Amino acid sequence: YAIFIYIFLYAPIALIASFSFNAGRYAMDWQGFSLDWYGKAFTNPIIIKALVTSLIIAGCTSIIATTVGTLCALGLERMTGWLRQLFDALIYIAIMVPGVVIGISTLIAFVTVFDTVNPTLEAIGMARLQMGLWTVIAAHVLFNLAVVVLIIRARLAGMDRSLVEASEDLYATPLATFRQVVLPALTPSILAGLLLSFTFSFEDFIIAFFVAGPNTTLPIYVFSSIRRGVTPEINAIGTTVLLTSLALLVLAQFL
């Protein structure tokens, strides 16, 4: 049964990867082995622009989510009582909520804020707020922040508190204790959270589809292209994204 389940899960992915090396123009019509579609994909200026957009969004999202998530995890670790339980519940809800709900809710929130603020901005001669890269980054941070907090807190829960107490007994300041004891112990989990948030943001389609505005990320480009039919070029892009995501996930798990 386990073998059957793994075949069911991974056979379609293997099929896409194998047909990305197809010399023919049609995705499911094998005409021989070729790497031409990879060359065409990564010399296409539209694809390159979408790739750069995705990298910018994922990079900014991972940095913001990891920085704020680390501070949040440190604060929650020292919090007790019903307030901590409340924040724990909010963090788990942020992960459990489907992406389509996050996308719709953030879209409604941004539109409401824009309709309220833009008349004032126009009256004082400033540019109007509109959907763009920053709205995608904000929506992605909302989800990835919760992921980072859970990873950091898991590391904090297993950390030896006697090291912190020893540092305090040796008259180290709180900042020195954090810099010399806590931060080195958290570094692997911080890097893992950074890589995971980068991966989740880079490959996200649902949330970005709602709040990207005129910008096109790589997953949005792929979705728009397959509506006209799947080609080996799309398979090549999908295989590259898959391998990149897998590499980052394996690195995060190793850390």
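Q: Which helices each supply at least two residues of the lining of the largest pocket?
A: The model is predicted, so local features need pLDDT of at least 70 and side-chain atom pairs pLDDT 80 or more, while totals for chains, interfaces and linings use all residues. Residues are numbered from 1 along each chain as its sequence is written, and side-chain values use heavy atoms, without hydrogens and water. Helices are DSSP runs of H or I with at least four residues, strands are E runs of at least two, and both are numbered from the N terminus. The helices that each give at least two lining residues are H1 (2-19), H10 (218-226) and H11 (232-254).

Q: Which helix provides the largest share of that lining in the largest pocket?
A: The lining of the largest pocket has 22 residues. Among them, Val 222, Gly 238, Thr 239, Val 241 and Leu 242 lie nearest the centre. The largest share, 10 residues, comes from H11.

Q: What is the volume of the largest pocket?
A: On a 1 Å grid over the protein atoms alone, a pocket is an open set of points with protein on both sides within 12 Å along at least five of seven lines, and lining residues have an atom within 4 Å of a point. Grid points are joined across faces, edges and corners, and a volume is the space filled by probe spheres set on them. For the largest pocket, the volume is about 460 Å³.

Q: How many residues of the lining of the largest pocket are nonpolar?
A: Ala, Val, Leu, Ile, Met, Phe, Trp, Tyr, Cys and Pro count as nonpolar, Asp, Glu, Lys and Arg as charged, and the others, Gly among them, as polar. In this lining, four residues are polar and one is charged. The nonpolar residues number 17.

Q: Which helix gives the most to the lining of the second largest pocket?
A: This pocket has a volume of about 230 Å³. Its lining includes Leu 74, Arg 78, Met 159 and Phe 178. Helices H3 (45-78), H7 (161-169) and H8 (174-202) each supply at least two lining residues. With four residues, the most comes from H8.

Q: How many residues of the lining of the second largest pocket are charged?
A: Seven residues of this lining are nonpolar and one is polar. Glu 77 and Arg 161 are among the lining residues. The charged residues number four.

Q: What percentage of the residues of the protein chain count as buried?
A: The protein chain has 11 helices and zero strands. Buried means under 20% relative accessible area, with a 1.4 Å probe and protein chains only. Of the 255 residues, the buried share is 38%.

Note on methods. 1 Å grid on protein atoms, 1.4 Å probe; cavity = no way out; pocket = protein on both sides within 12 Å on 5 of 7 lines; lining within 4 Å. Buried < 20%, exposed > 50% of the residue type's maximum accessible area, 1.4 Å probe, protein only.
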